[in-house]
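Subject: Structure to look at

Hi,

Here is the structure I said I'd pass on. Have a look at it first, and then read my notes below.

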Amino acid sequence: MRARIGLIGGRGYTGREILRHLSQRDDLELVVASSRELAGQKICETAPELETDLCFEHVEPGDIASFNLDGVVLALPNGAGAPFVAATPDATVIVDLSADGRFSDDWIYGLPEIYGREVIRGAKRIANPGCYATSGQLAVAPIREMAAGPAHVFGVSGYSGAGTTPSRKNDLAALADNLMPYALTGHIHEREMAAHLGVDIHFTPHVAPFFSGLMTTVHIPIIGMSTAGGCQDAYRAYYENEPLIEVVEEIPEPAMIAGRSGAMIGGFGLSGDGRHLTVVSVLDNLQKGAAVQALQNLTLALGLPEYN
Ligand SMILES: NC(=O)C1=CN([C@@H]2O[C@H](COP(=O)(O)OP(=O)(O)OC[C@H]3O[C@@H](n4cnc5c(N)ncnc54)[C@H](OP(=O)(O)O)[C@@H]3O)[C@@H](O)[C@H]2O)C=CC1
Ligand SMILES: CC(=O)N[C@@H](CCC(=O)OP(=O)(O)O)C(=O)O
C-alpha cells in the first residue's frame with residue numbers, strides 16, 4: 001500500500017523539490033499537487049522525473065478532505081496555509097514548510113538529528129524548520145551545554161531562499177557581483193534558533209547571487225574545551241549515527257553541498273584562550289533546509305523508512 005500524498009504549493013522552489021523527492025519513493029503516491037498559476041498543466045512538464053498523468057490543480061481548502069490523503073505537504077508562503085490546516089482531517093499528517101507552526105505547542109518541530117525521531121513518529125502536525133535555522137542549530141547543538149554567552153550566526157543564502165515572488169532578494173541584476181545583507185535584527189530564524197536550542201542567538205542573514213546553497217558561520221563563546229580537535233570530536237560523537245550530517249576538519253563552503261541532501265559542519269577555529277569557537281555549517285536551502293527535511297518528517301510520521 002502506498003501512502004497517499006498531497007502537495008499544496010507545487011509551483012514554488014520547495015514544492016518543485018518535493019516533487020523530485022516523491023519520484024524517488026515507491027511507498028509514496030502523489031495524489032494531488034496544487035498551483036493556481038499552473039492549474040491544468042501536466043505536472044510531468046515541470047517534474048519530468050515523476051511518472052504521473054496528473055495535472056496541477058487549483059485546490060481550495062474545502063477540497064482537501066475529498067482526496068483522502070495520508071499526508072499533505074504545505075509549501076506555501078508564511079500565513080497562507082491556515083485555511084488548509086483547518087480543513088485537513090485530524091488523521092492526515094501535515095508537514096508545513098512555512099514558519100506558521102514553529103512556535104506552537106500544537107505542532108511538533110521536526111529536526112530529527114537534534115530533537116529526535118520519537119516525537120515525530122506518529123505526529124500529525126509537523127512544523128518543518130527554516131533553512132538558516134536548520135543550519136545554525138546543527139552548528140550550535142553539539143556544544144550548546146558549553147555556551148558561555150550568545151552565539152552569533154552569520155548566514156549567507158542562495159537567492160532561491162527568497163522564493164519565486166519577485167523582490168530585491170531574488171533580483172539577479174541587483175545581486176550580480178554583490179552580497180545583500182537584510183533583516184539585521186529580529187529575523188524570524190533568530191527567534192526560531194533561540195527558542196528551540198535554549199541559547200541566545202544574534203543572527204544576520206545575507207543573500208548571494210548563487211541559486212541554492214546556504215552557509216552559517218557561527219561564533220560561540222564557550223567554556224570547557226581546550227583544543228579545536230576536542231571540539232571536532234564532540235561534533236563527530238554527536239552526529240555519529242546521522243547519515244545526512246558530515247563533520248569535516250576543513251572549512252566547508254556552500255558550493256560543496258549545493259544540490260545534495262545533507263549538511264557539512266567544519267572549520268572548528270578555537271581562539272588561543274579556548275573561549276571562542278567558530279564553526280561553519282553548510283547545506284542546500286532547498287534540500288536539508290526544506291524538501292529533504294520535509295520528506296524525513298513525512299516518512300517518520302507515516303511510519304515509513306526515513307528519507308536519507
Ligand atoms: N525557498 C527556500 O529556500 C525555503 C523556503 N521555506 C518556506 O517554504 C515555503 C515555500 O517557499 P518557496 O517554495 O520558496 O516559495 P515560492 O514563492 O517559490 O512558492 C510559493 C508557492 O505557494 C503557492 N501559493 C502562494 N500563495 C498561495 C495562496 N495564497 N494559496 C495557495 N497557494 C499559494 C504558489 O503557487 P501558485 O501561486 O501557482 O498557486 C507556489 O507554489 C515558504 O513558507 C518559505 O518560507 C522554508 C525553507 C527554505
Ligand atoms: C534569502 C531569503 O530571503 N531567505 C528567506 C528564508 C526562507 C525560509 O526559510 O523561510 P521560512 O522562515 O518560512 O522558513 C528569508 O530570509 O526570509
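Let's start with a pair of strands: S8 and strand S9 (residues 201-208) pair in an antiparallel way over two bridges. Two strands count as paired if DSSP finds at least two bridges between them. Strands and helices here are DSSP runs, numbered from the N terminus, with at least two residues (E) for a strand and at least four (H or I) for a helix. Within this pair, Pro-181 has His-206 in S9 as its bridge partner.

Before going further, some ground rules: this is a predicted model, where local features need pLDDT of at least 70 and side-chain atom pairs count only at pLDDT 80 or more, while totals for chains, interfaces and linings use all residues. Residues are numbered from 1 along each chain as its sequence is written, chains are lettered from A and ligands numbered from 1 in the order in which they are written, and side-chain values use heavy atoms, with hydrogens and water left out.

Back to the strands. S8 and S9 belong to an open sheet of seven strands with mixed pairing, in the order S8-S9-S7-S10-S13-S12-S11. Its edge strands are S8 (180-181) and S11 (245-247), each pairing on one side only.

What about strand S7 (residues 151-158), is it enclosed or open? Six of its eight residues are buried, so S7 is largely enclosed by the rest of the structure. (Buried means under 20% relative accessible area, exposed over 50%, and partly exposed in between, using a 1.4 Å probe and protein chains only.) S7 runs parallel to S9 over eight bridges, with Ser-157 partnered by Val-207.

Helix H8 (residues 228-238) lies across S10 (214-221), S11, S12 (263-270) and S13 (276-283), at about 155 degrees to S12. That angle is between N-to-C directions on a scale from 0 to 180 degrees, with axes fitted to C-alpha atoms, for helices over the stretch in contact.

Now for strand S3 (residues 71-74). Both of its faces are covered: Gly-71 and Val-73 are buried on one side, and Val-72 and Leu-74 on the other. In a regular strand, side chains alternate between the two faces of the sheet. S3 is parallel to strand S1 (residues 3-8) over four bridges, where Leu-7 stands opposite Val-73. Four bridges also join S3 to strand S4 (residues 93-96), again parallel, and Gly-71 stands opposite Val-93.

The chain is divided into domain 1 (3-129 + 290-302) and domain 2 (131-285), with bounds from an automatic or database domain assignment. Their C-alpha centres are 26 Å apart, and 17 residues of domain 1 are in contact with 25 of domain 2. Contact means heavy atoms within 4.5 Å.

Finally, the cysteines. An unreviewed UniProt entry puts the feature "active site" at Cys-131; such annotations may be inferred rather than shown by experiment, feature names are shortened, and positions follow the numbering used here. Cys-131 sits in helix H5 (residues 131-140) and is buried, at 14% relative accessible area. Leaving aside neighbours within four places in sequence, Cys-131 touches His-189, Leu-214, Leu-283, Asn-285 and Gly-289.

Cheers
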